[in-house]
2 protein chains.
Amino acid sequence: MTDTVAHHETAHAAAQEAELPAAQPADVEAAVLAVGDRARAASRAVARANRAWKDRALLAIGAALKEHEARILAANEKDLESGRQNGTSKALLDRLALTPARIDGLVAALENLAGLPDPVGTVVRGQTLPNGLRMRQVNVPMGVVAAIYEARPNVTVDIAGLALKSGNAVILRGGSAAAHTNRELVAILRDTLVDVGLPADAVQTIDEYGRAGAEVLMKARGRVDVLIPRGGRELIQNVVLNSTVPVIETGEGNVHIFVDESADEDMAVEILLNAKTQRPSVCNTVETLLVHSKSTVLPAVARALAERGVRLHVDGRSMAALPEGVGGVAATDYDWATEYMDLDLAVATVDSLDEALEHIRRWSTGHTEAIITNDLRNAERFIAEIDSAAVIVNASTRFTDGGELGLGAEVGISTQKLHARGPMGLTELTTTKWIVQGEGQVRG
Amino acid sequence: MTDTVAHHETAHAAAQEAELPAAQPADVEAAVLAVGDRARAASRAVARANRAWKDRALLAIGAALKEHEARILAANEKDLESGRQNGTSKALLDRLALTPARIDGLVAALENLAGLPDPVGTVVRGQTLPNGLRMRQVNVPMGVVAAIYEARPNVTVDIAGLALKSGNAVILRGGSAAAHTNRELVAILRDTLVDVGLPADAVQTIDEYGRAGAEVLMKARGRVDVLIPRGGRELIQNVVLNSTVPVIETGEGNVHIFVDESADEDMAVEILLNAKTQRPSVCNTVETLLVHSKSTVLPAVARALAERGVRLHVDGRSMAALPEGVGGVAATDYDWATEYMDLDLAVATVDSLDEALEHIRRWSTGHTEAIITNDLRNAERFIAEIDSAAVIVNASTRFTDGGELGLGAEVGISTQKLHARGPMGLTELTTTKWIVQGEGQVRG
């Protein structure tokens, strides 16, 4: 083990000198596993830190980010410059960019985290058994949380903060396009941890080991307790299909709203406008509108959306119902399947709630679906029969959000059914431990 | 889709005629995926069934098992006869064998299940948000549960009952050595479901598709919501390493008891005897005893264990402390790593709680560890620093059991940290759904 660590540190120093990923594939496995071992050792200290200590760390990290803002922005400028030279799209450059205002946002999020209750130590259930044993099941930290994400340096601080608050060590693998920024951020985080008496290795990055390092991380059973991918469909699917460590699948939202026959027109217009245009690039934005053929709201909804620049992709019957001056393009299966994350909306007309349910069953990613209705039986059926993380009646799909639902902080939105489903808060970064105390009881 | 199903049914009929696995690899994928599609469709009906209906089904299944006892035993005899011809060990034949008494046991377990509360519909949390939205998070069935297990036909009934009570459809893959028995049991289960108005496809087996079928099941993302392996280490590791569907790892228990300096001798003797000899073949039996070098209990503990036939595998210092007439063999790393599941116990002497914690950290499978002590600080440190599903103070490790801890029924004992840790009850076969109801609220 000592050899491995020493070897790793040499490789690390060399990589820093060259400012480029340097490790050879043969070294990568040993190096990343050694990162895992150090994370495990560090996790014990973080798990034992009480809330006051962890909150001190979070606030100190925030202060350090402001103090070293110039250093961070200079590193970020290197990444942006490489991005521009490589022809990176404007949208990706925007996600890569840090600004003083964005750093203020990160600091504010850390302060918010520090204000939240500690998820560790909550007694989930407990009782005294007939034989006198006192039993309780208590939330405890997972241990080592890992994250694989794209070139968004804010995720580095975000995930590290969430992991620390919930008593975990974290291993980060960000997109290589943000490597300079992430290296600077992680260095600041690690220095600050040491300042407050916590181990630096509670936050580590494996960016320097490139894709090969990510592959090792995905198979590091026993070293990584949970792996969270954050990013687009391709990244998430790659992690889900190639990991042998437990993964929480997050994010993809092909979100539907069904406007029932009894829906109020004004309510339908307000909700559709909000769900499609308030922030079209996020996962809880609506992507497909299903309208009951006996509803008369489509013209008003379509006009309102078109006025806000929404492009409509419509089936034949919906096309016929569009009002004068509002155009639509013919929808194909591509549209029913697509999470546009843009000012686009697929629209289909259905003859019944059953037909709407069938469409959703076929195309939904299980994130969020909503119904707009005044029919109690249909509302109840929609709630019972939709198999998605969130089911909404007469409100915007944008409410599937940890902050909006009172979780305080959001780790991500899980679209799987194991462990966490829907918005995940700090508690979802903990597991439980059964604690049983007796005076010599044995089993009969 | 229709073609696939029709094709599958032909293959199925052919397999039944030949009474042997018959499907070709090329057919297997389509056939197993079709099983998954039928399970998904059936799961909707089971999810909607209320508790009274599900309990009726469980009781009817119990009655049908008794009614068709002769048929079941005849099928079981075929499996046993094949086993004897293939030279199957006595222990494995015993696990394969059904008897009238064992069938009575299965019926009693189903009756117990029918008496338990329904895990579906429990409101985990709920509140009215500042904007008037009513939010609640509710337990709902997973959907489709799958199980891969060894040649123990009782697991077929056990898992099917647990899945149905929690509102799920189930896909079963048992060991091929129990194929005749499982086929009969599944046929009885399916007929009974139809009798009570539930779909037969809520219980399906893929035994006829052999190992190739199990491989398809492990990758059937979207069709299988959770896969539970039940069996020995090799089976579980195979499932964990090869599945892309979410898995709950269960069972392996390299369980430790640390006898601290302050431990009471009588208590130590009682607990060790119970933890090692009451049922040595199960996962919560103790496998390694760690004794503080200043404790004087080892001679009494060793004598009591030896009198009950326990073979001691001891390190040097423990060997020196054995009383006259009690022998031990020298332990190696093999012993620290081994889950004997037999009347064997590894014994090591340590100089401190820290040394005990270090030994456990290195060798534990994270199932259960216990401390026997009268020192409050050491008890608290043991509880805080042991990273296992169950931590026990002054009681037998045999209490890590769903029944003993008040869960009513036990699905298995999870040794992973995601979703469920330690004994799993019916609730662990459910997930949650967020339900949000409003009157037109949109996000500001």
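Analyst: Domain bounds here come from an automatic or database domain assignment. On that basis, chain A is divided into domain 1 (2–119 + 131–242) and domain 2 (255–400). Keep in mind that this is a predicted model.

User: How far apart are the C-alpha centres of domain 1 and domain 2 of chain A?

Analyst: They lie 38 Å apart.

User: Which secondary structure elements does chain A hold, and how many?

Analyst: Chain A has 16 helices and 16 strands. A helix counts with at least four residues, a strand with at least two.

User: What share of chain A is called buried, and on what cut-off?

Analyst: Buried means under 20% relative accessible area. In chain A, 59% of the 444 residues are buried. As for the surface, chain A exposes about 17,300 Å². Carbon and sulfur atoms supply 51% of that area.

User: What share of the contacts in chain A joins residues at least 24 apart?

Analyst: Take contacts between residues at least 6 apart in sequence: 73% of them join residues at least 24 apart. A contact needs heavy atoms within 4.5 Å.

User: Where do the charges of chain A sit on average?

Analyst: There are 44 positive and 59 negative charges, and their mean positions are 6 Å apart.

User: Now chain B. Why is B:Thr88 called partly exposed?

Analyst: Its relative accessible area is 29%. Buried means under 20% and exposed means over 50%, so a value in between is partly exposed. B:Thr88 lies in the loop between α4 (69–85) and α5 (90–96) of chain B.

User: Which residues does B:Thr88 contact, leaving aside neighbours within four places in sequence?

Analyst: B:Gly83 and B:Leu93. Separately, B:Thr88 and B:Ala177 are 89 residues apart in sequence, with C-alpha atoms 9.5 Å apart in space.

User: Where is B:Glu184, and what does B:Glu184 touch?

Analyst: B:Glu184 is in helix α8 (residues 179–195) of chain B. Not counting residues up to four places away, B:Glu184 touches B:Arg71, B:Ile72 and B:Ala75. B:Ala337 is 153 residues from B:Glu184 in sequence and 39 Å away in space, C-alpha to C-alpha.

Notes: Residues numbered from 1 in each chain as written. Chains lettered and ligands numbered in written order. Predicted model: local features only at pLDDT ≥ 70, side-chain atom pairs only at ≥ 80, totals over all residues. Heavy atoms only, no water. Buried < 20%, exposed > 50% of the residue type's maximum accessible area, 1.4 Å probe, protein only. Areas by Shrake-Rupley, 256 points an atom, 1.4 Å probe, with all protein chains shown as cover. Lys, Arg positive; Asp, Glu negative; His and termini not counted. Charge placed at Lys NZ, Arg CZ, Asp CG, Glu CD.
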